[in-house]
Amino acid sequence: MRVQAIPAALAAAALFAVAGCGGHDSAGTSDDGDATPTKAAQQAAGGDFGDLKNVCGPGDAKSATAQGVTADSIDVGVFSDVGFTKNSEFVDTAKVFTSWCNAAGGINGRKLVATTRDSKLTEVRPRMLEACKDDFALVGGGSALDALGVQDRLKCLLPDFPAQVSQVQNVGSDLQLNETGGAGYARYIGYYDWLLKQAYPKSADAVGTIAGDAPVTKVLNAETVETVKAAGGKVTYQDLYPASGVSDWTPYAQSIKSKGVKGLVFNGDFASLAKLEQILTGMNYKLDWIDANNNAYGPAFLQLAGTSLAYQNNFADLSGVYPLEKAAGNAATGQLTALFKKYAPSAQITLPGVRGFAAWLLFAKAASSCGDDLTRTCVYRAATKENAWTGGGLLAPVDLSTPGAPLTCFNIEKATAKGWQPADFGPDTGAYRCNESAYKFKGSYGKPLTLADVGKSMSDVK
């Protein structure tokens, strides 16, 4: 595998690749967003979470069965770019989960020990080599340039339960239990289908895209263009902006207006989007809709967008994560909120953090089922038996039993002056809209690495 190096000037744009995977702040205020978690969530017993029973608890483990596993502990790695981004969401989530799980008795009595593998954006490979020497598995993390480590991970046969994945070489790679959908499928096809055919059909003939100018983000934008076209849209405007930032968004706004763009997909940082929207609003140019991407799902974007929120229609697809601002209405999300208040009261719950917690739950449930004989083969195979995984109720069902299975549910949020709120997108399964037709990309955007690519097979996994 050959991965293109990314210079410092493009570092911020590389992080945009994680855009579409989640925001970096909590979901903001709403009518019930600050409500106290339900009594049921507060009283959840021991190692139960949501509708999952005995995820963690005491036991009689006696053996050292694999690298990173002793009779008393399990060593796992948590990847994060925290040294570069200063965003501790995966570290915070690991602290909350391990504190709760260990207090309940651990995994059959074994204590979970989480080591942060701080990849600092460009140091993915050295951190992966460290993980290969010490960790039993990787759990609940993610790095923007994750392709830099996937080859080494597969060579050392290290299972991965990520919170998020970014680059095509890693999305759906072998020994990975990915809750964010299968490789090669358009994750947002249902979202764009709703925007273009149901919510704003008059926008279908004039869709525009803007993306950060970095290799990773360009791939994301190319996938977006294909998805929009597959949903019946016509892309009439495409542009890039420099990763170093834009001093004046007026030329972009003027181009959008001159092209008559009615729907805009923004694959970039929400601070830049907020500046662009302020200029568009000042020009009295209102689009039918703006896909702010779910990096914007948080209070920071709401604060930056300001008065333009009342003029422009901003949406984000959460891809089947229960809305954080509605925590009081969902036992699992309410329990998660209570656990953060107990074990990391100063930390914010983020969209990637929720996925990270669900990844921890998946690992813990699978590891618990292995009993004393905890091996990588056992934990991986146990996790792949989950054909409708919800993380105890944090997520819409995800099929992990079929490699590469696409997401079948989505849910859409709208940014308002009162906070993020579920849009009127016609949910048919609780908070979600499910059973939408899948779309497999026809374009060539790269492929995930396999064990065969590094001369290995499942028979080598112990």
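I began with Cys370, which in this predicted model is buried, its relative accessible area being 10%. Its partner is Cys378, to which a disulfide joins Cys370 with an S to S distance of 2.0 Å. About the S-S bond I read -110 degrees, and I noted the link of Cys370 and Cys378 as left-handed.

Next I turned to Cys409 and Cys434, which form a disulfide with their sulfur atoms 2.0 Å apart. Cys409 lies in strand β10 (residues 409-410) and Cys434 in strand β13 (residues 433-434), so this pair ties together parts that are 25 residues apart in sequence. I found Cys409 buried at a relative accessible area of 8%, and Cys434 is buried as well, at 6%. The link of Cys409 and Cys434 is right-handed, with 115 degrees about the S-S bond.

I also looked up Cys132, which a disulfide joins to Cys156 at an S to S distance of 2.1 Å. This pair links distant parts of the chain, since Cys132 sits in helix α5 (residues 124-134) and Cys156 in the loop between α6 (147-155) and β4 (160-161), 24 residues apart.

Finally, I searched the whole structure, and the search finds four disulfides. Counting bonded cysteines along the chain, I wrote down their pattern as 1-2, 3-4, 5-6, 7-8.

Technical notes
Residues numbered from 1 in each chain as written. Predicted model: local features only at pLDDT ≥ 70, side-chain atom pairs only at ≥ 80, totals over all residues. Heavy atoms only, no water. Disulfide = S-S within 2.5 Å. Helix = DSSP H or I, 4+ residues; strand = E, 2+ residues; numbered from the N terminus. Buried < 20%, exposed > 50% of the residue type's maximum accessible area, 1.4 Å probe, protein only.
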